[in-house]
Amino acid sequence: MAPGDFPPLDYPDARLAPVSIWMALAKWAPVQALTPIPVILLVAPFVWLLFRKTWRELDEERLAYLNAHPGTDHRPAVCLVLVAIVLTLQEYYGGRGFYQSTWEPWLRELQLGGVRFLNVEKYGDLYGFYWWVAARVLGYVVAPVLVWRVLFPADRVLDMGLRVRGFLSHLWIYGLCLAGVLVAMFFVARQGDFVNYYPFYKNASRSWLDLLTWEAIYFLQFFALEFFFRGWMLSALRPSLGSAAIFAMAAPYCMIHYGKPYLEAHGAIIAGVVLGSLSIRTRSIYAGFLVHITVAGLMDTIALVSRGAMPTRFWP
């Protein structure tokens with residue numbers, strides 16, 4: 001059956017015809033493709049109610065900033081160009097494919113040369129993820145900080161979402177967002193592609209050392225991601241764009257989820273707006289970071305438990 005073709009109907013009992021038609025309609029590719037749209041429209045009013053005050057304050061701050069600084073603010077242009085460069089570099093050179101073609105042969109030569117702590121045969125897949133995470137830290141943290149220190153030295157790195165003052169007073173928002181994500185996870189976790197997709201590191205079930213090492217570097221990647229999108233990017237765009245900075249950030253944030261399960265990629269649209277608004281409201285990235293690592297750890301655990309693949313020993 002070609003994509004888009006309506007699934008065949010099969011109802012031996014005429015009384016079941018409506019049920020059969022409904023089930024067939026739910027499996028029809030155009031319906032599956034458009035399913036997330038009404039969900040986003042349903043959630044949008046609640047997001048607006050939760051953050052409308054924050055968005056209004058951002059727009060008021062924007063007007064005050066533009067009145068006080070009538071000249072051109074070069075931050076948005078530099079920010080968006082740098083975002084495009086970083087994400088392009090990571091797409092072509094920051095993945096495990098680049099590691100396998102470039103770094104892995106070199107590591108094998110070092111191993112053959114007597115470097116004892118290397119074991120490409122046993123840990124090669126994990127080494128690939130080391131490179132993946134290192135590329136994210138370099139692109140998401142090191143690159144924007146260095147560029148900003150050179151071009152905009154008056155901007156403080158701590159103001160890019162790294163301050164902890166006031167974080168605890170907004171912890172209830174973290175709990176509310178996490179509750180909403182957990183409800184969504186209940187439905188997503190029932191999809192076959194979810195169970196087979198996580199964890200990314202397929203040897204995570206080999207031992208607890210494999211699993212814990214993977215989760216540690218995975219969580220580090222999330223910190224870098226939160227700093228890039230919800231810390232540095234929002235701090236660069238907020239003065240000139242106001243609340244629009246959140247939605248400008250949400251677009252590339254959604255795009256980095258391409259290749260993941262379809263529903264998760266759409267969920268990143270909502271998550272980008274919510275986490276961006278949360279970061280602006282709390283003036284820190286830590287709430288979004290906690291949401292991310294909590295969900296990521298649960299997704300990996302649920303997938304492993306569903307497959308009966310939780311580790312049974314500590315050492316591989």
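This is a predicted model: local features need pLDDT of at least 70, side-chain atom pairs count only at pLDDT 80 or more; totals for chains, interfaces and linings use all residues.
1. Start with helix 4 and helix 6. Their axes lie 11 Å apart and pack at an angle of about 160°. An angle over 145 degrees counts as roughly antiparallel. Helix 4 and helix 6 are therefore roughly antiparallel to each other. Their crossing is right-handed.

2. Which residues of helix 4 meet helix 6? They are Arg75, Val78, Cys79, Leu82, Val86, Leu87, Gln90 and Tyr93. On the helix 6 side, the partners include Trp131, Ala135, Arg136, Gly139 and Tyr140. Further along helix 6, Ala143, Pro144, Val147, Trp148 and Leu151 also take part. By class, this contact of helix 4 with helix 6 has 14 nonpolar, two polar and two charged residues.

3. Helix 6 (residues 120-151) also packs with helix 5 (residues 96-112). Here the angle is about 135°, and the axes are 10 Å apart. That angle makes helix 5 oblique to helix 6. The crossing of helix 5 and helix 6 is right-handed.

4. Look at the side chains in that contact. Helix 5 brings Arg96, Phe98, Tyr99, Trp103, Glu104, Leu107, Arg108 and Gln111. The contact of helix 5 with helix 6 divides into eight nonpolar, three polar and five charged residues.

5. Next, take helix 11 (residues 262-282) and helix 12 (residues 286-306). Their axes come within 9 Å and cross at roughly 150°. Helix 11 and helix 12 are therefore roughly antiparallel to each other. Glu264, Leu275 and Leu278 of helix 11 touch Ala287, Gly288, Val291, His292 and Met299 of helix 12. That gives five nonpolar, two polar and one charged residue in the contact of helix 11 with helix 12.

6. The loop between helix 11 and helix 12 holds Arg283. Check its backbone. Most residues other than glycine have a negative phi. Arg283 is not a glycine, yet has a positive phi of about 65°.

7. The largest pocket has a volume of about 1,400 Å³. Its lining has 41 residues, and the closest to its centre are Gly180, Val181, Ala184, Gly267 and Ile270. Helix 3 (36-68), helix 7 (171-188), helix 9 (208-241), helix 11 and helix 12 each give two or more residues. Which helix gives the largest share of this lining? Helix 11 does, with 10 residues. By class, the lining of the largest pocket has 31 nonpolar, seven polar and three charged residues.

8. The second largest pocket holds about 770 Å³ of space. Its lining has 27 residues, and Glu91, Trp132, Arg136, Ile256 and Tyr258 lie nearest its centre. Helix 4 (75-93), helix 6, helix 9 and helix 10 (244-255) each supply at least two lining residues. Helix 4 gives the largest share, six residues. The lining of the second largest pocket divides into 17 nonpolar, five polar and five charged residues.

9. Last, a peptide bond. Most peptide bonds are trans. Where is the cis peptide bond? The cis bond joins Tyr198 and Pro199, with omega about -10°. Pro199 sits in the loop between helix 8 (192-197) and helix 9.

Technical notes:
Residues are numbered from 1 along each chain as its sequence is written. Side-chain values use heavy atoms; hydrogens and water are left out. Axes are lines fitted to C-alpha atoms, for helices over the stretch in contact, and angles run from 0 to 180 degrees between N-to-C directions. Helices (H or I, at least four residues) and strands (E, at least two) are DSSP runs, numbered from the N terminus. Angles under 35 degrees count as roughly parallel, over 145 as roughly antiparallel, 65 to 115 as roughly perpendicular and the rest as oblique. A crossing is left-handed if the near helix is turned anticlockwise from the far one by less than a right angle, and right-handed if clockwise. Contact means heavy atoms within 4.5 Å. Ala, Val, Leu, Ile, Met, Phe, Trp, Tyr, Cys and Pro count as nonpolar, Asp, Glu, Lys and Arg as charged, and the others, Gly among them, as polar. On a 1 Å grid over the protein atoms alone, a cavity is a set of points where a 1.4 Å probe fits but cannot get out, and a pocket is an open set with protein on both sides within 12 Å along at least five of seven lines; lining residues have an atom within 4 Å of a point. Grid points are joined across faces, edges and corners, and a volume is the space filled by probe spheres set on the points.
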